[in-house]
Amino acid sequence: MSKKIDKQPSSRPVNRRTFIKGAALGLASLSIPSGDADASVWEALFQKHFQEMNEDDIRSVIKRMEKEYRDEYKADFNIKVTKPLPGVKFGYGLDLSRCIGCRRCVYACVKENNQSRDPQIHWISVLEFKKGEKWVNVFEEADKYYNPHEVPEKGRFYMPVQCQQCENPPCVKVCPTKATWKERDGIVVVDYNWCIGCRYCMAACPYGARHFNWAKPRIAKSEINTEVHYLGNRPRYTGVVEKCTFCIQRTREKPGRYPACVEICPVGARKFGNLLDPESEIRYCIENKRVFRLKEDLNTSPKFYYFFAT
Amino acid sequence: MPDLVQPIRNLFTTLKFITKGGKWYYGWLTFLLIFIFLGIGSYIKQLEQGMIHTAMRDQVSWGFYISNFTFLVGVAAAAVLLVIPAYLYNFKPIKEIVLLGEMLAITAIIMSLLFVISDLGRPERGWHILPFIGSMNFPSSLLAWDVLVLNGYLAINCVAVFYVLYRLSIGKDYKMSVIWPIVILSIPWAISIHTVTAFLYNGLSARPFWNASIVAPRFIASALCSGPAIMLILFQIVRKVSRMEISNVAIFKIAELIAYAMGVNLFLFGAEFFKEFYSGSVHLAPMQYLYFGLHGHSNLVVWMWGAFIFNLTAFFIFLRPKTRENLVTLNLACVLIIIGVYIEKGMGLIVPGFIPGVLGEIYEYGPSSLEKSVALGIWALGALFFTLFLKFALPVFTGELRFRAPDSSD
Amino acid sequence: MNYNVSALLFIFFIISLSSFVMAGDDLPDYFVPPPPFSEGIFPCSECHADMEVNTTPRELDFHEDIVLKHFDGWCLNCHNPEDRDVVRLASGRIISFKESEFLCGQCHGTIFRDWKAGVHGKRTGFWNGKKEYRLCVHCHNPHQPRFKPIKPLPPPVRPEDLKYKESSADKVPLNPLDYIVE
């Protein structure tokens with residue numbers, strides 16, 4: 001093929017190069033959002049990582065989020081961004097001699113933390129073990145789906161498992177985008193607007209504590225809790241990971257409330273407090289009871305202590 | 001401003017060239033396009049309604065997509081099997097077909113990246129993983145390493161392939177001084193992409209099936225079987241449909257190398273098997289699930305034994321010169337080994353990491369129809385890409401397609 | 001005579017000092033919902049002030065709804081025969097129903113110790129503020145303290161049963177916590 005090369009392209013009214021440039025610019029301009037709704041989509045897409053936001057960024061993100069949540073859930077949310085309290089590292093105690101496996105903690109958590117009801121997400125799993133068989137460090141005999149007429153069943157004991165808020169969390173280690181990290185007060189949190197949903201953290205967690213939104217979370221409007229924390233119980237999105245945050249919206253106040261699971265337990269099996277306070281209940285448990293943690297050989301150093309008070 | 005007219009004209013020439021062919025060619029492209037469109041449709045459904053249409057759940061949070069990803073990274077890494085003997089030992093018969101191996105590597109990397117993207121819950125946030133614009137968790141997260149090494153490997157192979165093709169296409173020869181450093185770099189880089197992928201699983205102490213030192217060596221051994229086996233089949237197709245000459249000596253040499261790689265793979269498998277079943281600790285549960293069933297769950301048992309038999313058979317076929325140098329048995333062995341490694345390194349690696357789960361639960365996972373549709377779509381896309389790539393590269397290689405050099409005048 | 005009186009006074013002083021210690025030390029500041037009396041039953045002296053005191057262990061005509069499944073004894077081991085509006089410790093010390101933990105703590109010493117530290121029993125309130133304590137009797141029926149088994153809330157949905165639902169949020173299942181039927 002031999003075509004004459006045009007040696008003076010600029011003499012044409014519109015040469016090929018100009019046309020291509022113009023077309024490209026035209027297409028690009030179509031993508032610039034116009035109007036509030038599109039601007040919000042744009043902002044959502046390019047929202048910064050929570051830890052890199054300054055006060056103004058946070059304020060505008062909260063404002064945008066309140067509007068999004070109002071449109072979605074027809075309710076006014078109070079989205080807190082309370083920082084960790086100084087001198088606090090949260091610890092949790094669970095008395096295995098008391099737990100009867102009633103699962104009230106599971107559903108109190110669901111109520112407080114806006115989990116999706118359908119598809120169902122539970123942050124707490126209660127495991128039933130047979131007395132006298134393999135001990136709790138071997139989970140092969142554990143049953144999550146027990147449903148007897150009454151609990152506790154004869155010959156069984158119960159162990160609830162939720163996020164252990166590890167001091168050396170494997171989920172934080174493997175997250176490729178730093179969407180999950182450990183805060184100063186020891187709570188491991190997720191920025192639901194940064195998570196890309198790769199689920200590496202779920203593979204890495206030895207306690208099955210992290211849960212994925214396989215579809216759009218659905219909650220009955222009458223059951224929505226509007227007192228939320230950005231890193232905690234605000235409604236999540238499809239395709240992101242979530243988990244227990246020690247009720248960060250309750251505990252990070254002065255005075256701070258107990259997590260919902262602690263308050264609902266009818267037999268007082270759950271203890272919570274500040275590990276750095278020598279007078280706290282959790283310190284009393286650690287110092288006076290024989291405490292152990294799950295899968296300690298993995299060196300994740302959980303802050304969730306199991307013990308037997310009697 | 002460089003003159004873009006000629007390269008753009010060349011691009012259009014290329015596009016016209018690669019879309020022209022006989023009825024078999026159009027038939028093949030149509031066949032692939034059907035699966036591609038079905039796959040795209042399924043993926044759009046997944047994007048709109050969520051990954052609940054896959055069979056993955058909290059208990060088995062990685063499945064078919066990541067299985068395919070793992071297998072394909074191995075295929076991509078195996079291009080090195082051709083590179084090492086070709087350039088290091090100057091094994092003449094292999095040298096000219098290294099290019100095809102690198103083209104396969106490019107295709108395999110693109111496919112594995114597509115599988116990762118289709119596995120993400122929020123793919124539009126994929127930029128979060130990038131360094132500087134996002135917040136890449138390097139060096140802590142192995143996935144961050146994987147992003148870097150996979151894209152780096154893609155870049156290396158693209159540079160090598162496009163440089164050679166460009167030089168050949170304008171009638172010039174390629175300079176070894178440019179290719180040689182790229183080749184030397186690509187050898188450890190190829191090993192590293194697969195080692196990093198192996199470490200992705202290896203580093204998780206929560207999953208005892210993966211947290212074993214044997215994982216990374218087995219990855220390399222099985223990759224060096226599956227990738228070259230695919231290439232052997234492709235070479236035979238290539239020399240049939242084009243004027244490219246690929247000597248039987250090269251093919252049989254690669255087959256011999258595959259035999260050794262599978263030998264190592266089988267030995268390592270035996271070592272794993274012994275360790276779990278002889279020691280008899282609770283950690284044998286995933287192996288037991290795979291080969292004998294666990295508490296009544298045995299969906300993968302037939303597949304795993306099938307894979308083992310295929311691999312063993314292929315090993316002996318490749319090992320004996322008589323069967324290795326017979327094209328019928330050779331091709332049979334290639335197919336057997338591809339299927340065997342695909343099962344072993346795909347579902348046979350990913351799923352038992354989650355069975356039994358960390359809290360003892362057994363959720364038996366098998367891919368849903370949506371996952372199969374998306375996976376087929378990506379495989380078809382890869383096949384289409386490789387076909388078009390070959391349609392362009394082969395004539396360039398054999399001298400049938402030439403462009404005018406940019407500095408020549410009419 | 002003087003010597004005996006001063007000795008007696010001294011002994012009395014020691015005893016009251018120890019009672020003071022028992023009553024006032026290491027008790028949490030924050031109390032407590034009032035004792036969960038059955039309706040209309042308190043003050044007991046409304047009936048018992050006029051009744052004769054009979055300390056023979058026997059089956060009673062009234063209070064048949066109370067079946068004692070606690071220890072091997074009967075009502076007046078804990079209840080004060082002289083004044084039914086209070087309870088009586090083994091030492092003879094009288095305490096009101098509002099501090100009934102001392103009564104239980106006589107036998108359940110280890111639990112009493114844990115309760116004072118805040119690690120026994122249901123926990124509500126503020127972990128770094130006003131904690132809410134409860135009397136033993138708020139959870140444990142003093143006459144039949146052993147907890148009866150209760151119906152557990154539903155088990156989680158199995159992963160294979162998790163499916164995509166097209167329907168609107170109104171058809172979402174409600175939280176079983178809110179409609180527990182005991």
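This is a predicted model: local features need pLDDT of at least 70, side-chain atom pairs count only at pLDDT 80 or more; totals for chains, interfaces and linings use all residues.
Me: What is the area buried between chain A and chain B?
Reply: Buried area is the accessible area (1.4 Å probe) that two parts lose on being put together, summed over both. Here that is about 4,500 Å², with 56% from carbon and sulfur atoms. On the chain A side, A:Ile196, A:Tyr200 and A:Trp214 lose the most area to chain B, together 17% of what that side buries.

Me: Why is the pair B:Asp119 and A:Arg199 called a salt bridge?
Reply: The term asks for a side-chain nitrogen of Lys or Arg within 4 Å of a carboxyl oxygen of Asp or Glu. The N to O distance for B:Asp119 and A:Arg199 is 2.7 Å, so the pair qualifies. Across the interface of chain A and chain B the rule finds 2 salt bridges.

Me: And what makes C:Asp178 and A:Lys111 a salt bridge?
Reply: Their side chains meet at 3.0 Å, N to O, so this pair passes too. The count between chain A and chain C is 5 salt bridges.

Me: How many residues does each chain bring to the contact of chain A with chain C, and what area is buried?
Reply: Chain A brings 56 residues and chain C brings 44 residues. Between them they bury about 4,500 Å², 57% of it on carbon and sulfur atoms.

Me: How do you know which way H10(B) passes H14(B)?
Reply: A crossing is left-handed if the near helix is turned anticlockwise from the far one by less than a right angle, and right-handed if clockwise. H10(B) passes H14(B) in a left-handed crossing. The axes (lines fitted to C-alpha atoms over the stretch in contact, with angles from 0 to 180 degrees between N-to-C directions) come within 12 Å and cross at roughly 40°. Residues making this contact include B:Phe252 and B:Met262 of H10(B) and B:Leu330 and B:Val341 of H14(B).

Notes:
Residues are numbered from 1 along each chain as its sequence is written. Chains are lettered from A and ligands numbered from 1 in the order in which they are written. Side-chain values use heavy atoms; hydrogens and water are left out. Contact means heavy atoms within 4.5 Å. Helices (H or I, at least four residues) and strands (E, at least two) are DSSP runs, numbered from the N terminus.
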